[in-house]
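Hi,

Here is the structure I promised to pass on. Have a look at it first, then read my notes below.

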Amino acid sequence: MEEALSGLLAGKRLLVTGVITDQSIAYSVAKLAIEEGATVVLTGFGRLSLVERIARRLPAEVPVIELDVTNAEHLSGLADRVTSTVDGLDGVVHSIGFAPQSCLGGGFLDAPWEDVATALHVSTYSYKSLVMACLPLMKPGGAVVGMTFDATKAWPVYDWMGVAKAGLESANRYLALHLGKRGIRSNLVSAGPLRTMAAKSIPGFEQFEESWAQRAPLGWNLTDQEPAARAVLALLSDWFPATTGEIVHVDGGYHALGA
Ligand SMILES: NC(=O)c1ccc[n+]([C@@H]2O[C@H](COP(=O)([O-])OP(=O)(O)OC[C@H]3O[C@@H](n4cnc5c(N)ncnc54)[C@H](O)[C@@H]3O)[C@@H](O)[C@H]2O)c1
């Protein structure tokens, strides 16, 4: 007898990008999604054998597909590679960010365009590219979710990554506009600071950590990715059927405060 499907994401087929360590926000998303009944396919960038090793710690066996979001061939072949493992997608998670060192840590005034262009390509434009690559596999009711860090303000040390996130937040609204007629939702989760590989590559990241520890109304755990992952799951689920172009803050309430 077939086992009854249960869980928030029962029966949903998800593509999750952005796992590089078990601290990655995407790792928590994949883990919780499997626990909530989803079938998960991962994509990995660069160090595939490392991503595969991390993937083996997940509660189910998951395939890993190579994807560099700046590689046009990877993008054009993605749908075919996904369909060799699942017959369609109900959700796509974009959990990708990168900026060259010159763009971070106070280098705003000096970063050259080539570096800024890389940051925008990987961290902003790729949300649209990834979604377009997956669109042939999606149907009405599907959802895409990305990760941002509150881009309504200028932060010390975040520099061009902040600009990239502002672009991502705008792209999220435009995706909501253009995908709405297909019945597909696009939303972002705006997380507080979390100690991941990407965060550790930002010189001066500890400034965020101190600030959140002191000010977040609910307090903030820098090593707990689960609250952000839970919000991603909720947005992928059927419980936000009329929400799109939205940004859900998972930051202990920090964004709601004045100076
Ligand atoms: N950690 C934080 O404090 C924090 C807060 C808010 C938002 N975010 C966002 O969450 C997302 C995930 O980051 P994380 O903190 O889990 O760090 P992470 O280092 O675990 O994940 C970043 C991922 O981006 C991938 N990546 C980089 N370049 C790529 C490319 N060209 N093609 C495909 N993938 C590529 C890396 O392989 C890695 O898996 C990012 O968008 C990040 O900006 C992080």
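A quick definition before anything else: helices (H or I, at least four residues) and strands (E, at least two) are DSSP runs, numbered from the N terminus. This is a predicted model, in which local features need pLDDT of at least 70 and side-chain atom pairs count only at pLDDT 80 or more, while totals for chains, interfaces and linings use all residues. Residues are numbered from 1 along each chain as its sequence is written, and side-chain values use heavy atoms, with hydrogens and water left out.

Now the overall picture. The protein has eight helices and seven strands. Its radius of gyration, taken over C-alpha atoms, is 18 Å, close to the 18 Å from the globule rule (2.2 Å times the number of residues to the power 0.38) for 259 residues, so the protein is as compact as a globular protein of that length. The C-alpha trace spans about 60 × 40 × 40 Å along its principal axes.

Of the 259 residues, 53% are buried, meaning under 20% relative accessible area with a 1.4 Å probe, protein chains only (exposed is over 50%, partly exposed in between). If you take contacts (heavy atoms within 4.5 Å) between residues at least 6 apart in sequence, 77% of them join residues at least 24 apart. The protein exposes about 12,200 Å² (Shrake-Rupley method, 1.4 Å probe), and carbon and sulfur atoms supply 55% of that.

Next, strand 1, which covers residues 13-16. Arg13 and Leu15 point one way from this strand, Leu14 and Val16 point the other way, and all are buried. In a regular strand the side chains alternate between the two faces of the sheet. Strand 1 runs parallel to strand 2 (residues 39-44), and four bridges join the two; strands pair if DSSP finds at least two bridges between them. Leu14 stands opposite Val40 in strand 2.

Which residues have a positive phi although they are not glycines? Val157 is one of them, at about 70°. Val157 sits in the loop between strand 5 (143-148) and helix 5 (159-179), and is buried with a relative accessible area of 11%. Asp159 is another, with a phi of about 45°. Asp159 lies in helix 5 and is also buried, at a relative accessible area of 16%.

Cheers
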